[in-house]
Amino acid sequence: MTATRPAPHPLTPLEIASGVVVGDDPSTPALPTYDGRSPRQALEAALLPALLRAPCVISFSGGRDSSAMLALAVDLARREGLPTPVPLTLRYHDAPDAGEDDWQQLVIGHLRLPDWQRVEIRDELDLIGPFAQAALLAHGPLFPFNAYTYTPLFPYAAGGTLVTGLDGDGLLDSWMFEPFADVLARRRRPQPRDVLRLGMFAAARPLRRAVYARRLRRAGSWLTRSAEADSRRAEADELAGDPRRWDSRVSWWHGRRHLSLALDMLDRPAAAADVDMSHPLLDPAFLSAIAVAGGRLGPGNRTTVMRTLMSDLLPGALLARESKATFDKPFFRGESREFARSWDGDSVDPELVDPGRLRSAWTAARFPLGSAILLQATWLRQNRPN
C-alpha cells in the first residue's frame with residue numbers, strides 16, 4: 001500500500017484551465033533508505049497486504065502494468081496459500097480503441113485464471129455522467145479527470161483491496177534522458193539523433209527550459225495568450241528539471257505534485273466505500289529498490305524493465321508490446337457532448353480561457369482530453385448546489 005501523504009493543495013485555476021499539473025509537492029515524504037530487496041521482492045512486499053485483506057481484486061486492462069500486477073499477485077498468492085486475486089475489467093461498448101480483448105485473453109489464459117469479472121460500461125463513465133457528477137459534487141474539480149473510473153469497481157472490492165498499476169507510464173516511460181543513457185550503458189548503438197540528445201544532456205537547465213518551451217507551442221489551444229505562456233513556461237520548467245541520473249530521477253518523480261493529487265483523489269472515495277487502494281508501482285520501498293538497481297544510467301527502457309521483472313510470469317509478446325488503448329470516446333459521450341454543444345460561453349475565467357477557441361475545441365471531431373478538467377469544472381460551477 002502507498003504511504004500516507006498529507007492532502008495536497010487543490011487544483012489552481014490555471015491547472016483547471018490547462019489540464020496541466022506540474023511542480024513538486026513539498027509535503028511528500030522522502031523515499032526510505034534502500035533495504036536490500038530487489039525491485040521484484042519489493043513489489044511482492046507491497047502486494048502482500050492487499051492479498052491479506054480479501055477480497056483482493058486487480059484492476060486489469062490488459063496493459064503491461066495491470067498485467068504485471070495481476071501476474072505477480074497471482075503467483076504470490078499461490079506460493080503463500082492465499083485466496084487467488086480476481087481480475088476486474090471494464091468493458092467499453094462502442095469504443096473499439098479502448099478495448100484490449102486479445103491482450104486480456106492472452107494474460108488470463110497464460111495465468112490459468114478461472115474467475116475473471118467484467119463490468120459492462122456504456123455511458124456511465126462520461127465526463128459528467130453519474131459517477132463523475134457524484135465525484136465532482138463531493139470533491140470538486142478532479143485530477144486526474146477520470147479518477148471516478150474506479151467507482152464501478154468498488155462494490156467488487158468492498159471490505160477488501162483494489163490493486164492498480166498506477167503509474168508505470170510516469171516511472172518507466174517519461175525519463176527524458178533514457179535514450180541517451182541507453183547509449184552510455186551500451187544497451188543500444190548510437191544514432192545520429194544522439195548528438196542532439198547529448199546537447200540536451202550537457203545543457204544547463206535554463207537552456208533546456210528554453211528549448212522545451214519552444215517545442216511545447218500548441219496549435220488550437222483554448223487558453224488566452226498569457227495563460228498559454230504561463231502554462232507552457234511551467235511545463236517547460238518541469239521537463240528541464242528532469243534529473244540526468246536515474247536514481248536521482250526516481251526520487252524527483254516520487255515528489256511530483258500530480259502524483260499527490262492523483263493518490264488523494266483516488267483514495268478518498270475508495271475509503272468511503274470501505275476499499276483499500278493499493279498502488280504497488282508507487283510503493284516507496286519499490287521506488288527505492290528500482291532507483292538503486294538502475295543506478296546512474298537506469299535499468300533500461302520499459303520493455304527491458306518488464307522482461308527483467310516478469311519474464312517468468314507473462315508472455316514475451318505482452319512484455320514487449322508498445323501499443324496502448326485510447327480513451328477519448330468512453331469519456332466524451334452523451335451528457336458531456338450535449339453540454340459542450342449547448343455551452344453558452346459562461347462560467348470560465350476570461351483571463352485564462354478564450355471562449356471562442358474553447359467552443360471550437362469542444363465541437364471538434366476529436367475531443368481534446370486536455371480540456372476535460374475544464375469541462376467538468378464548468379459543469380460544476382453551473383450545477384453545484386448553493
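Predicted model: local features only at pLDDT ≥ 70, side-chain atom pairs only at ≥ 80, totals over all residues.
Me: Is the crossing of helix 10 and helix 11 left-handed or right-handed, and which residues make the contact?
Reply: The crossing of helix 10 and helix 11 is right-handed. From helix 10, the contact uses R205, R208, R209, Y212 and A213. On the side of helix 11, the residues are R232, A236, D237, L239 and A240.

Me: How many nonpolar, polar and charged residues are in the contact of helix 10 with helix 11?
Reply: R205 of helix 10 and D237 of helix 11 are among the residues in contact, and Arg and Asp count as charged. Sorted by class, the contact of helix 10 with helix 11 has five nonpolar, no polar and five charged residues.

Me: Which residue does a cis peptide bond join to F143, and where does that residue lie?
Reply: The bond has an omega of about -5 degrees, and the residue joined to F143 is P144. P144 sits in the loop between helix 5 (130-139) and helix 6 (154-157).

Me: Is R186 buried or exposed?
Reply: R186 lies in the loop between helix 8 (178-184) and helix 9 (194-202). R186 has a positive phi of about 60 degrees, although it is not a glycine. Exposed means over 50% relative accessible area. R186 has 79% relative accessibility, so R186 counts as exposed.

Me: And S347, buried or exposed?
Reply: S347 is found in the loop between helix 18 (334-342) and helix 19 (355-362), and it has a positive phi of about 70 degrees without being a glycine. The cut-off for buried is under 20%. Because its relative accessibility is 17%, S347 counts as buried.

Me: Which backbone oxygen does the side chain of T378 reach?
Reply: T378 belongs to helix 20 (residues 372-383), and at 0% relative accessibility T378 counts as buried. Leaving aside residues up to four places away in sequence, T378 touches F339, W343, D346, S347, V348 and W362. At 2.7 Å, the side chain of T378 reaches the backbone oxygen of L374.

Methods. Residues numbered from 1 in each chain as written. Heavy atoms only, no water. Left-handed = near helix turned anticlockwise from the far one by under 90°. Helix = DSSP H or I, 4+ residues; strand = E, 2+ residues; numbered from the N terminus. Contact = heavy atoms within 4.5 Å. Buried < 20%, exposed > 50% of the residue type's maximum accessible area, 1.4 Å probe, protein only. Polar contact = N/O pair within 3.5 Å; in protein donor to acceptor, adjacent residues only side chain to side chain.
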